[in-house]
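Please consult the sequence and the structure shown below while reading.

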Amino acid sequence: MADSPAPASPDTFDRLGLPPQVLANLASLGYRTMTAIQAASLPPALLGKDLIAQASTGSGKTAAFGLALLANLNVRRFAVQSLVLCPTRELADQVTTEIRRLARAEENIKVVTLCGGVAMRGQIASLEHGAHVVVGTPGRILDHLDRETLDLSALNTLVLDEADRMLDMGFVEDIGKVVSRCPKARQTLLFSATYPEGIAQIAARFMREPQRIEVASQHAPTRIRQLWYEVRDSERLHAVSLLIDHFRPQSTLAFCNTKQQCRDLAAVLRAGGVSALALHGDLEQRDRDQVLVQFANRSCSVLVATDVAARGLDLANLEAVINVDTTPDAEVHIHRIGRTGRQGQGDEPGLALNLASLDEMGAVGRIEQLQGRESDWHPLSELTPAGGAPLQAPMATLQLIGGRKEKIRAGDILGALTGDCGYAKEQVGRINVNEFSTYVAVDRAIAAEALRRLSAGKVKGRSVKVRLLDGEES
Ligand code: ADP
Ligand code: MG
């Protein structure tokens, strides 16, 4: 396995020899330059090589394998030609969305998601209509293979995405069974944020002379402003409130080392009037979905998460990351703060706010060593509340019972709110229609009233059950 260094300077997609319509589509997506992992992995991937590619969350790994698998695809052939295995449903949904965006360059590319927790029947129908690309979780893919509702005999590209997380979740055996149903002559691409030992074993079992590509997990120091505050354990959660009050970031991801700390912090922030929700491994899938919907539609300003719960999630426009607990693993610190100060987020640098107690100074030292610079310490007393109301999210989320199963579309909800209920379009935010329920973000100031009006009125000629998600997620 040869190591390929990432190129030092920004790099456009032009040199890859992709068709003009693909390049035009990338430009329309606002992808002007390749990210480091794309620049390093696309040339060998487009030559058909097997790859083990490692880069931190948010570095654009999806497009790196997405463009490669689309290049291998023959649209006129009605058969599954690529399969992407992902650890969870929400990651599979994100990958499907990104591949569909990349696939817009050509007409009629069908991408189907196959994950658990969703009825088999609909998935089987989608497969019968023809799929070129399948994205899913190993368990559900195996289910379809066992029932022979999925045929991989025409497959040319297999992608293992978030391979480290699939290992953590114990999917190795399932992956092995899926691979045994794929043709031997194929390209296999493995993407991962970290490189635990198990990856090399997967590579040895399932890949052909893979080339290893690693993009150093360093950020341009100017893109992220890092500030450190020394705290006693007893004042840690309160210090987070002070940080939020002082900096008033519109959207924040706060990392804790334990689930209990997540729950405690979310409760403290909510008690102070801040719209905060906790995301951790104990939540049911449905509750996780609800939390993520509320964060994405701006009904929640602070998402409190463990590293495991946040891994792989694509959270757009994070203004700040708060390290509530210092992580003992310096690499993890780099991954955490890399969530803010992303490309395409304007010229504002991201903000990384770090709390550390005396007990954590060893960990801080390791982080300084890895980053090659000293920490910028500030006293808590420097934090002055900006004054005024606590940091509330601008929107609030209404949940309607009924979704795709009831043939509800976003337009129906928008129509009900702007028609019968009498609201302006600007007072309605993002609308997510799921299988059985629908989430709609509305201006926080009108939320309670909109709840009453929607409950009293009709959507598509039927009355609907509506409730306001009030932040008590668990
Ligand atoms: P990863 O899988 O490495 O965590 P993603 O593939 O989810 O990262 O990409 C993170 C974000 O970056 C996505 O919102 C994606 O649309 C965006 N992105 C990917 N490639 C580019 C690019 N070349 N230029 C600008 N934005 C990009
Ligand atoms: Mg990813």
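The text that follows treats the domains, the interface between two of them, a salt bridge across that interface, and the ligand.

**Domains**

The model is predicted. Its protein chain is divided into three parts: domain 1 covers residues 3-214, domain 2 covers 221-382 and domain 3 covers 395-469. Taken over C-alpha atoms, the centres of domain 1 and domain 2 are 30 Å apart.

**Interface of domain 1 and domain 2**

At this interface, 14 residues of domain 1 are in contact with 13 residues of domain 2. The buried area amounts to about 1300 Å², and carbon and sulfur atoms give 42% of it. On the side of domain 1, T57, E90 and R165 together supply 44% of the area buried against domain 2, more than any other three residues.

Polar interactions also cross the interface. Between domain 1 and domain 2 there are five residue pairs in polar contact, counting pairs with both residues at pLDDT 80 or more. Two helices, α4 (89-103) and α7 (163-168), each supply at least two residues of the side of domain 1 that touches domain 2. Of the elements on that side, α4 gives the most, with four residues. By residue class, the touching side of domain 1 divides into two nonpolar, six polar and six charged residues.

**Salt bridges**

Side chains of opposite charge can pair when their charged atoms come close. A search of the whole structure finds 22 salt bridges, and the count between domain 1 and domain 2 is three. Because D289 lies in helix α12 (residues 285-296) and R89 in helix α4, the pair ties together parts that are 200 residues apart in sequence.

**Ligand 1**

There are 15 residues around ligand 1, and Y31, T33, Q38, G58 and T62 come nearest.

| Residue | Polar atom of the residue | Atom of ligand 1 | Distance |
|---|---|---|---|
| T33 | backbone | nitrogen | 2.8 Å |
| G58 | backbone | oxygen | 2.6 Å |
| R101 | side chain | oxygen | 3.3 Å |

R101 places a polar side-chain atom 3.3 Å from an oxygen atom of ligand 1.

Terms used
Residues numbered from 1 in each chain as written. Chains lettered and ligands numbered in written order. Predicted model: local features only at pLDDT ≥ 70, side-chain atom pairs only at ≥ 80, totals over all residues. Heavy atoms only, no water. Domains from an automatic or database assignment. Contact = heavy atoms within 4.5 Å. Buried area = accessible area lost by both parts, 1.4 Å probe. Salt bridge = Lys/Arg side-chain N within 4 Å of Asp/Glu carboxyl O. Polar contact = N/O pair within 3.5 Å; in protein donor to acceptor, adjacent residues only side chain to side chain. Nonpolar A, V, L, I, M, F, W, Y, C, P; charged D, E, K, R; others polar. Near = heavy atom within 4 Å.
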